[in-house]
Amino acid sequence: MNRQRVSRISRSLVRPRPLQVAEDLEHADALDGSSRFFTKVVRRLLPPGPVKDLLHGVPVGHPAHPPLTDIPIGCFMSAAVLDLLPGTDRAAEVLVATGLAASVPTALTGIADWSSLHSEQQRVGLVHAVSNITAGTFYTASLVARRRGYFGTGKALSFAGLTALVAGAYLGGHLAFRQGAGPSHAESITHLGPLGWHDLCTVEELPDGWPVHRNLGYISLFVLREGDDVYVLADRCSHLDGPLHQGRMIEVDEETCVVCPWHGSTFRVSDGTVVHGPATGRQPAFETRVGDNGMIQVRPAR
Ligand code: FES
């Protein structure tokens, strides 16, 4: 009886096959050489600046890649449906062409994001990219066949492309939702709104112009004193949890900013605004006040 229950439980713990593949890819360190090479190429071709920030989605406050993927996927899926219906050859051809055109900005945003990920994420991202390139190649061949009037061949190539596309989309979902590439990693701090004023430390304990790390309960904080001003941010970077107190301080437009030591996201220390990506989510900031006894108090900024 017990053995039956154990075997039922262990059967329920078996990972689905696609998940096994994705998790195995996370540990496939044989991919690291290729990841390092392509990361160098991408960083050379796409240096930090406004273009890279635009590709990351900094101006809109969210990663640009995930919503853009809806366009090619939607076009290719719609073309597959039309390919199963009579008299829709031209409409399906237009959808394949539109999907291919939309793949260009989608791929560029994905490449920019991929170049600033952890190695486990880059391994999965690399295979995600290979799947999508394979899909794009099939769809390009499909479009050429359709333009020449070989609609049967075009449809077959499209369905081959769709298979690769679905595999790539699964890995993209794994990357975003299991490995956390894309969402803000500092968002949970914003749920601490009701937290009132709390003692942090005295002004004398803080070096002038040099960031330090302090804990407020279980919350890690980045704390910077500049003369009489004290700036406090959540310490774990919204991009991928990098420790901001180990970052470099710079001036941008006469505002003090901190550069994350891991991938270079730059945040204004006064309010956590993203100045440069890859982070797109604002770094949670804290209001500060100093009591007569020199004690600094903080609470989450509204
Ligand atoms: S963790 Fe990537 S920029 Fe901070």
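# Exercises on a two-domain model

Between domain 1 and domain 2, the count of salt bridges is zero. A salt bridge here means a side-chain nitrogen of Lys or Arg within 4 Å of a carboxyl oxygen of Asp or Glu. The model you are looking at is predicted, so local features need pLDDT of at least 70 and side-chain atom pairs count only at pLDDT 80 or more, while totals for chains, interfaces and linings use all residues. Residues are numbered from 1 along each chain as its sequence is written, and side-chain values use heavy atoms, with hydrogens and water left out.

**Exercise 1.** Find which residues make up domain 1 and domain 2, and describe how the two meet.

*Solution.* 
- Step 1: Domain 1 covers 10–178 and domain 2 covers 187–300; such bounds come from an automatic or database domain assignment.
- Step 2: Taken over C-alpha atoms, the domain centres are 37 Å apart.
- Step 3: In contact (heavy atoms within 4.5 Å) are 11 residues of domain 1 and 11 residues of domain 2.
- Step 4: About 820 Å² is buried between the domains, and carbon and sulfur atoms give 59% of that. Buried area is the accessible area (1.4 Å probe) that two parts lose on being put together, summed over both.
- Step 5: On the domain 1 side, Val58, Ser116 and His118 lose the most area to domain 2, together 48% of what that side buries.
- Step 6: Three residue pairs are in polar contact across this interface, with both residues at pLDDT 80 or more. A polar contact is a pair of N or O atoms within 3.5 Å; within protein, one must be able to donate a hydrogen and the other to accept it, and residues adjacent in sequence count only if both atoms are side-chain atoms.

**Exercise 2.** How many salt bridges does the whole structure have, and which parts of the chain does the pair Arg123 and Asp32 link?

*Solution.* 
- Step 1: Searching the whole structure gives eight salt bridges.
- Step 2: In one of them, the side chains of Arg123 and Asp32 come to 2.7 Å, N to O.
- Step 3: Arg123 belongs to helix H7 (residues 119–147) and Asp32 to helix H3 (residues 32–45), so the pair links distant parts of the chain, 91 residues apart. Helices (H or I, at least four residues) and strands (E, at least two) are DSSP runs, numbered from the N terminus.

**Exercise 3.** Compare the chain over residues 156–177 with the span 198–297.

*Solution.* 
- Step 1: Residues 156–177 are 100% helix and 0% strand, with end C-alpha atoms 32 Å apart.
- Step 2: Residues 198–297 are 0% helix and 49% strand, with end C-alpha atoms 5 Å apart.
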